[in-house]
Amino acid sequence: MELRFACPQCGTINRRPDADRLTILDCTECSYAGLIPDGWTEHGVVERCPICGCGEIFKQKDFQQRTGIIIALVGASFAVFTRFLSIFLAAVICGILYIASPERLVCYLCRTQVVGHRRTRAHRRFSARVAEKLRIDAGREPEPEDSRREIR
Ligand SMILES: [Zn+2]
Ligand SMILES: [Zn+2]
């Protein structure tokens with residue numbers, strides 16, 4: 001499983017491809033070292049966020065919006081020469097890439113991402129209701145789904 005997390009201390013985005021075998025997560029840029037909570041994953045199924053311990057995680061497509069925007073721009077810039085066929089083509093390519101993208105799990109609170117986990121029905125898509133509940137419970141503001149802080 002790959003883990004992508006923002007260091008709680010300095011904010012650096014770290015990637016760990018071997019997350020399931022780690023017990024301590026450290027940051028490549030600062031002295032941060034955090035203990036991964038026991039049982040955050042059970043046989044490849046993610047139970048809770050390994051960074052903040054939050055039990056609420058949502059699934060989404062591991063598709064980078066930036067990629068889609070670049071393809072759309074290329075399609076648009078050739079529109080005049082291709083009788084707008086390039087725009088249609090760009091949309092098709094985006095659609096295929098999106099469908100082919102794997103699933104990733106995202107923590108509601110700290111935006112830590114997990115890729116390469118085992119899928120389960122327990123994981124749901126982003127829910128504004130859950131985010132609102134967390135905001136009240138934790139007394140802090142969860143990021144919106146299309147957060148600028150999205151880890152890339
Ligand atoms: Zn750090
Ligand atoms: Zn978290």
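Colleague: Where is the place of His43?

Modeller: His43 is in the loop between strand S5 (41-42) and strand S6 (45-46). Keep in mind that this is a predicted model.

Colleague: What is the phi of His43 like?

Modeller: Positive, about 50°, although His43 is not a glycine.

Colleague: And is His43 buried or exposed?

Modeller: Exposed, because His43 has 6 other C-beta atoms within 10 Å, and 12 or fewer counts as exposed.

Colleague: OK, Arg111 next. Which loop is that in?

Modeller: Arg111 sits in the loop between S8 and S9. Those two strands form a hairpin with five residues between them. Arg111 isn't a glycine either, and its phi is positive at about 70°.

Colleague: How many other C-beta atoms lie within 10 Å of Arg111?

Modeller: There are 19, so Arg111 comes out as partly exposed. The cut-off for buried is 20 or more.

Colleague: Is S8 mostly covered or mostly open?

Modeller: Mostly covered: S8 runs over residues 103-107, and four of its five residues are buried.

Colleague: Which way do S7 and S8 run relative to each other?

Modeller: Antiparallel, with five bridges joining S8 to S7, residues 57-61. One of the pairs there is Lys61 with its bridge partner Glu103 in S8.

Colleague: Let's jump to the start of the chain. How many bridges join S1 to S2?

Modeller: Four, and that pair is antiparallel too; S1 is residues 2-6. Ala6 stands opposite Ile13 in S2.

Colleague: And which residue takes a positive phi in the hairpin of S1 and S2?

Modeller: Gly11, with phi near 85°; that hairpin has six residues between the strands.

Colleague: Which strand does Arg15 lie in?

Modeller: Arg15 lies in S2, which spans residues 13-16. Leaving out residues up to four places away in sequence, Arg15 touches Glu2 and Arg4.

Colleague: Why does Arg15 count as partly exposed?

Modeller: Because it has 13 other C-beta atoms within 10 Å, and a residue is called exposed at 12 or fewer and buried at 20 or more.

Colleague: How far is Arg15 from Leu73?

Modeller: Their C-alpha atoms are separated by 29 Å, and the two residues are 58 apart along the chain.

Colleague: Which domains does the assignment give?

Modeller: Domain 1 is 1-61 + 103-152, and domain 2 is 63-101. The centres of the two, taken over C-alpha atoms, are 30 Å apart.

Colleague: Now the overall picture. How many helices and strands does the chain have?

Modeller: Three helices and ten strands. From the N terminus the order is β-β-β-β-β-β-β-α-α-β-β-β-α.

Colleague: What box do the C-alpha atoms fill?

Modeller: Roughly 55 × 35 × 30 Å along the principal axes.

Colleague: How much of the chain is buried residues?

Modeller: Buried residues make up 16% of the 152.

Colleague: And contacts, what share of them join residues at least 24 apart?

Modeller: 51%, counting contacts between residues at least 6 apart in sequence.

Key
Residues are numbered from 1 along each chain as its sequence is written. Chains are lettered from A and ligands numbered from 1 in the order in which they are written. This is a predicted model: local features need pLDDT of at least 70, side-chain atom pairs count only at pLDDT 80 or more; totals for chains, interfaces and linings use all residues. Domain bounds come from an automatic or database domain assignment. Two residues are in contact if their C-beta atoms, placed from the backbone, lie within 7 Å. Two strands pair if DSSP finds at least two bridges between them.
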